[in-house]
Structures are given as structure tokens and as C-alpha cells.
Number of protein chains: 2
Amino acid sequence: MSSTFKPLALAIAFVFAGAAQAAGDEPIQPIEAAKPGDPALVELGKKLYFDPRLSKSGFISCNSCHNLSMGGTDNLKTSIGHNWQKGPINAPTVLNSSFNLAQFWDGRAKTLKDQAGGPIANPGEMAFTHELAVDVLSSIPAYKAEFKKVFKSDAVTIDGVTKAIAAFEETLVTPNSRFDQWLTGKKDALTKDELAGYKLFKESGCTACHNGPAVGGNSFQKMGIVAPYTASSPAEGRVAVTGKDADRFNFKVPTLRNVELTYPYFHDGEATTLTQAVDTMGRLQLGRVFTAVENAQIVAFLKTLTGEQPKFALPILPPSTDATPRPQPF
Amino acid sequence: MSSTFKPLALAIAFVFAGAAQAAGDEPIQPIEAAKPGDPALVELGKKLYFDPRLSKSGFISCNSCHNLSMGGTDNLKTSIGHNWQKGPINAPTVLNSSFNLAQFWDGRAKTLKDQAGGPIANPGEMAFTHELAVDVLSSIPAYKAEFKKVFKSDAVTIDGVTKAIAAFEETLVTPNSRFDQWLTGKKDALTKDELAGYKLFKESGCTACHNGPAVGGNSFQKMGIVAPYTASSPAEGRVAVTGKDADRFNFKVPTLRNVELTYPYFHDGEATTLTQAVDTMGRLQLGRVFTAVENAQIVAFLKTLTGEQPKFALPILPPSTDATPRPQPF
């Protein structure tokens, strides 16, 4: 058998080597499937991600605003928080967020683990406290057992909670988009218009910021380089973290992976469609007005960045007990 | 081979016949796994069940209040509706709801299909209209294609929407609880205390209302027979449907399947724990004060009614298009 297959194996190796080289020449690299982490840790994190008992109301979970049925976003301009509060900023996708150089639009969390604790304790979002979240989980024997299994300790801690959520989030990678198929050698994976759009995307300078495996997420850039952007959000970006005036209106460049699913666009969610987002980006960041045809080609290319969505069974959460503190929705 | 297995096959047939007879003598029957419906219809219904675009805000789906991670409920006294409105009544579980003689606490919907349209258009819940829901779905090619495949028509209709949601809900059956294992012959499936609890449950009269495969759901009964119930909810039950004074405070008897997961209890959600619910039911419906030991035994029995939860992959929803009407959360 092996002698029969050798030539084929060599041929495949040759194709892959060629593809890898081609991909290496491009400003965008294929996104690789997540490496499987500790399965018990990931499974615990998945439950916590879907558990609204991490909020004061018992109604809001991580998945409420980073909905994995909808590209890891809520598809709203700005999110709905506790007591229907209007959030100040657009919820970024959780998909491929492990590729970000930092988390949140202003990068104030260095890691996914740091990020995970934020919304739980934010009075405008889940409106809980880390202490109460730990109290709730500690009162549930099935959770205690899972924490013990994973962390070898009887204590449930917020450190463990955020570590588990981050481990789950690290699995939320979307490989094998049509664009990645093209990058890795399947030359008929894109249409003529999509290829023309990619060419425009590169040549007009979009890839100066939107590059790498996540097509963004790896730098902070000013929103409004050529002309100022009038935002509907009060957020001022990176300056909130660094205190430097030069960082005013600097935001993390969002990933364009799955951008077809993550509407509306920009940190204030004011661009409803990809057409609008491409037009605004062209004018304000590049000083270029794309024609309708060019815009449509770029949009066609952007839609090829939709990858395989994470597939997993909806988690079943362990029930509260008589000792569990009850939610306070009203 | 067949001759070797015949005696075993006969023995198995004998055991099952015996179990069936035993189960037949009991007021509660095992709940059978859902018969697989039209897979394409069920799949469409699953997507719609999880799609918050059926609400005005784009934030509330069927699964928000009938959360399949949490026993098909929201585990809140009363639900949170559009703009954080406080609902008037406790959200009943969607699990095994196909066994109910009618839907809603007052039975105002005869079928799951009739029920499914209610919350979408209820201003205090999803706050949308059937027309707008259809407009949203019609603007999404992937939904249009699924509707066409299932209903052989180019038109998306609310009739199709509710039919699909109901078809999905019909699959949400929870077989193989420990109690059902006991009913069908596995005599060591229950502990001594659980069995004692079941004996008490029968002998004290609970099974007068909580019987059948769903352990309830098959009759309307007065809340407060022996002594009046002081509800925190303004709901008056069945009278709202029939207009008959005799139906005041008559509510559909809830299923006790998965009751460990479906806290808090009663139509106003005022019983936080099973202990409390059993105590109140004993006093007000049966005129009986259970001792602490009796109460604990009944609670132990009730927890054996938790069945296998529906297991399925979280659905991925097709994205909106430029033509899709946008949600109005604020």
C-alpha cells in the first residue's frame, strides 16, 4: 500500500508547500483551527459563558451580547445592559479574539482572562460583583465539583472563573473560510469579483491595518486619519488607558474575520452595512472614494472571510440549590 | 446465532412486559422520547427559537425566557420583557410542553403553534408584530430558502414561523429520568427515601392532579382548594379565557418533569425552593402539613423526575442583509 501512495503524498506535500509560500506573500494569513485546550477547563468555561447567574438579574450571560449564534456579537449598535441600560460602545465579536493584541476597543484588558471579569462587575452590563458571582457558583455542588476537577482546589475563585471562560473563548476560532481556502491553494475558491475586491483591498491600503491571520486586531489606529470621524459614542479610545493625548480616538483595529455576521460596524455601531463601512473607511482613513463597483467588489471579498462557526452542544447548566443567592432582576 | 439469543430475547420481552404492567398500575407513566419530526422543519424551528430578531429589540428570543440550558425556563419569578418590563407571571417550562392539554397558565392557546405567536407580539415581552417578524425573515435569503424547502412556497408567513417553532418544541422531551427507569423495571434506580417520597406523593393525593406522563399538564385546577392562596401576581387564571366565575384562580397544573431545574414555583414564582412548594401545596391543596422528614422525602422523589435534557448544537443564524429592517432596542 505505502508504495502506491508515496507519489500522491509527495504531490500533496508539494501543493501545500506551494500554498504556504503563496500565503506567506500575502498580508493576510490563514487562521488556524484552535489547538484543543484542557477539555475539562473548556467545558467549564462554556457553561460559565452561557450562565446568566453571573449577572445580578440572572438574565444576562456572556452569550447575551457575544452571541455565538450571531457571529459572537449582539448585532446591535450598542448593547443592552442591566435594567435595559444603553451601553456606550459596540460589542466586539468574541470570535478569534485570542488573536487580538489586547481586549476591549481601547485595549484596557491585556488578556481574554482579564477581559472576562469586566462585564460581570460593570454596573451598566451584568451589574454583579465578583464576590457575589463566586457565592452563587460555590453554592452549586456540580459547579464546585467541576472547579475541583479542573483546579484541584475546593475553593471557587474569580480567577478560576475568568481562566475557564478565557479557555473556552480561545476555542472560538473560525478556520476554513473561502478566503483561507484560496490562500492555501484552492484557486477557484474565490470569484473574479471577490479577487478584484481583495486586490483593491490591498492596493488601496486597507491591509496597512487589517492584516495578519485575524485581518486586524493587532494594532491601535486613529479613527479618522484623513478626515475626522463624528462618533455617536462618547468613547475616546486608547487615551483612557494611556492618558496620552496622542491616543485620543485611537481604537483597536477590529478583526474582519466573519465581518458579514458582525454588523453593525465601528466602535459606535453607526455603520449599518458593509457598503457604508467600506465607504466611510475609504474616505476617512485612506482619503479615497470607492466607486460603487469598487465598493461592491471589496464587500464581496469581505464576505469570503466568513469561516466555520464554532460547533458545540448547547451546555446544560447545573441547577441552583436552596442555598444559592437568588437573582435580583427588578 | 439466533438460536443462542432466543432465550435471552424471550427473557427481555418478559421483563419489559412486566415493567409495562407495573408502569400501567402507577398514576405516572414513563415519558417517551419524541418521535422525530420533519428534520428540516425542526431545524428551521430551532433557528427561529434562538433568533432574537423576532423581537423589537433584537435582544429577546424564545430561548431568553425558556432557556434550554436551564430546564426550559428563565429561573426568575416573572420574566423580563422588552425595555426590562416585569412580566405578570412565571414563565412555564417548554420541556415536555407538547403533553400539556393547552398552553399558557390559563390555557388560552390550544396548541404549541398558537402559543408561539403570543410572546412575539406581546408588548410586554418581545414587543414585535407578526408582520414585522415576517418582514425581517423575508429579507434574509437563507431563511427564505429554508422556508421554501419546508413549505414549498416563496412566501414567509407567521403561520410557517409558528408551525416550525412548535415542531422544534415537540422534540423537547426529556425521557429516561431515574423515576422512569424505576417505572420500567430498574428497581434499584431509586433510593429508599425517594421511594418513600413517591409513596407519600401518591397516598396524600398529589397524584390527583400531578399524574400522567408529564406528572401534570393535563388539567386545570384551583390554586387554593382547602385554604386561599395569596398570590403576588394579578393573574386570575382560567376565568380570563372562559369568563366563568367558577374558573377564577383555576390554573393549568404544571408538569413536574425536571422540576429540580424549573424553580421558582407557582404561577407567581413565589415559592423559591421545592421544600417551600411542597409545604404550600400540602397545606392549601390537600389540607395536610408534611413533617420535615416527609417533605424531604417528597422533594427527593421529585428530583428523580429530571430526565435527559435535549442535546443539540447551538444553531448558527443566517445574517441579516442590507434590506433587513434593523432592531429598535432603545
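Begin with both chains displayed and the confidence scores in mind: the model has an ipTM of 0.92 and a pTM of 0.93, while chain A averages a pLDDT of 93, with 93% of the residues scoring at least 70. Then select residues 1-21 of chain A, where pLDDT stays under 50 and where the model has four contacts beyond four places in sequence. Where pLDDT is low, the predicted coordinates should not be read in detail.

Next, superpose chain B on chain A, which takes a rotation of 180 degrees with 0.0 Å of shift along the axis and leaves an RMSD of 0.0 Å; that is the relation of a two-fold axis. To find this axis from the side of chain B, select A313(B), whose C-alpha, at 2.0 Å, comes closest to it among the residues of that chain.

Now move to helix α6 of chain B, residues 141-151, and select Y143(B), E146(B), F147(B) and V150(B), which are buried. Viewed down the axis of α6(B), the buried residues fall within an arc of 100 degrees, so they line one face of the helix. Turning to the face directed away from the buried side, select P141(B), A145(B) and K149(B), which are exposed.

Finish at K152(B), which follows α6(B) and has a positive phi, near 55 degrees.

Conventions. Residues are numbered from 1 along each chain as its sequence is written. Chains are lettered from A and ligands numbered from 1 in the order in which they are written. This is a predicted model: local features need pLDDT of at least 70, side-chain atom pairs count only at pLDDT 80 or more; totals for chains, interfaces and linings use all residues. Copies are superposed by least squares on the C-alpha atoms of residues with pLDDT of at least 70 in both. pLDDT is the predictor's confidence in each residue, from 0 to 100. Two residues are in contact if their C-beta atoms, placed from the backbone, lie within 7 Å. A residue is buried if 20 or more other C-beta atoms lie within 10 Å of its own, exposed if 12 or fewer, and partly exposed in between; C-beta atoms are placed from the backbone. Helices (H or I, at least four residues) and strands (E, at least two) are DSSP runs, numbered from the N terminus. The arc is that of the directions from the helix axis to the C-beta atoms.
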